[in-house]
Amino acid sequence: MLGRLNHVAIAVKDAEKAAKIYGAAFGADISAAVPLPEHGVITVFVTLPNTKIEFIQPLGEASPIAKFLERNADGGIHHICYDVPDIIAARDILMKEGARVLGDGNPKIGAHGKPVLFLHPKDFSGALVEIEQA
Ligand code: CO
């Protein structure tokens with residue numbers, strides 16, 4: 001059920017600024033900034049041959065990454081995202097195995113227009129995990 005590494009997300013105060021060095025120094029493809037009000041973030045994606053880096057910056061006062069940036073003022077790795085073929089089936093198996101799903105347990109539409117869910121970091125070795133329907 002576990003698919004490709006979809007992306008690694010890095011929380012920063014300015015996503016476009018953070019992504020710029022990947023374009024300038026690494027020559028990587030950088031996306032435009034995309035606001036995701038439902039998730040409380042603005043995202044900029046850097047596309048690599050085998051995965052993506054997602055820079056996220058807070059959007060709005062209730063942004064879920066505001067606290068993280070208070071603790072990590074220079075930014076830091078925030079979550080990793082795996083593809084799954086069927087997000088509802090994946091959620092049900094994960095919950096049966098004791099993993100906690102964040103929020104109300106229903107997928108939201110993520111940055112790629114596909115359903116996503118977040119899983120409690122305490123159940124995944126201290127790493128916040130996102131799953132995305134492939
Ligand atoms: Co993500």
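Which residues make up the largest nonpolar core? The points below take up that core and then the metal site of this predicted model.

1. Twelve residues form the largest nonpolar core: V8, I10, V12, A15, A18, A19, Y22, A28, V44, V46, I53 and F55. Two or more of its residues come from each of β1 (5–11), α1 (15–24), β4 (41–47) and β5. Helix α1 gives the most, with four residues. In soluble globular proteins, nonpolar side chains tend to be buried together.

2. Neighbours within four places in sequence being left aside, V44 is in contact with A15, E16, A19, I30, S31, A32, A33, I53, E54 and F55. A separate second core has ten residues, among them V84, I87, V101 and L119.

3. The cobalt ion has as its protein donors H7 (NE2), E54 (OE), H79 (NE2) and E130 (OE), at 2.1 to 2.3 Å. Along the chain, these donors follow the spacing H-x46-E-x24-H-x50-E. E54 in strand β5 (residues 52–58) and E130 in strand β9 (residues 129–133) are 76 residues apart, a pair that links distant parts of the chain.

4. The angles among the four donor atoms run from 86 to 173°, and the site is irregular.

5. E54 counts as buried because its relative accessibility is 5%, with under 20% as the cut-off. E130 also counts as buried, at 5% relative accessibility. E54 is thus a cobalt donor that is buried and in contact with V44.

Note on methods
Residues numbered from 1 in each chain as written. Predicted model: local features only at pLDDT ≥ 70, side-chain atom pairs only at ≥ 80, totals over all residues. Heavy atoms only, no water. Donors = N, O, S within 2.8 Å, 3.2 Å for Na, K, Ca; no water. Tetrahedral: all angles 85-135°; square planar, octahedral: opposite > 155°, others 65-115°. Buried < 20%, exposed > 50% of the residue type's maximum accessible area, 1.4 Å probe, protein only. Core = buried A, V, L, I, M, F, W, Y, C linked by side-chain atoms within 4.5 Å. Contact = heavy atoms within 4.5 Å.
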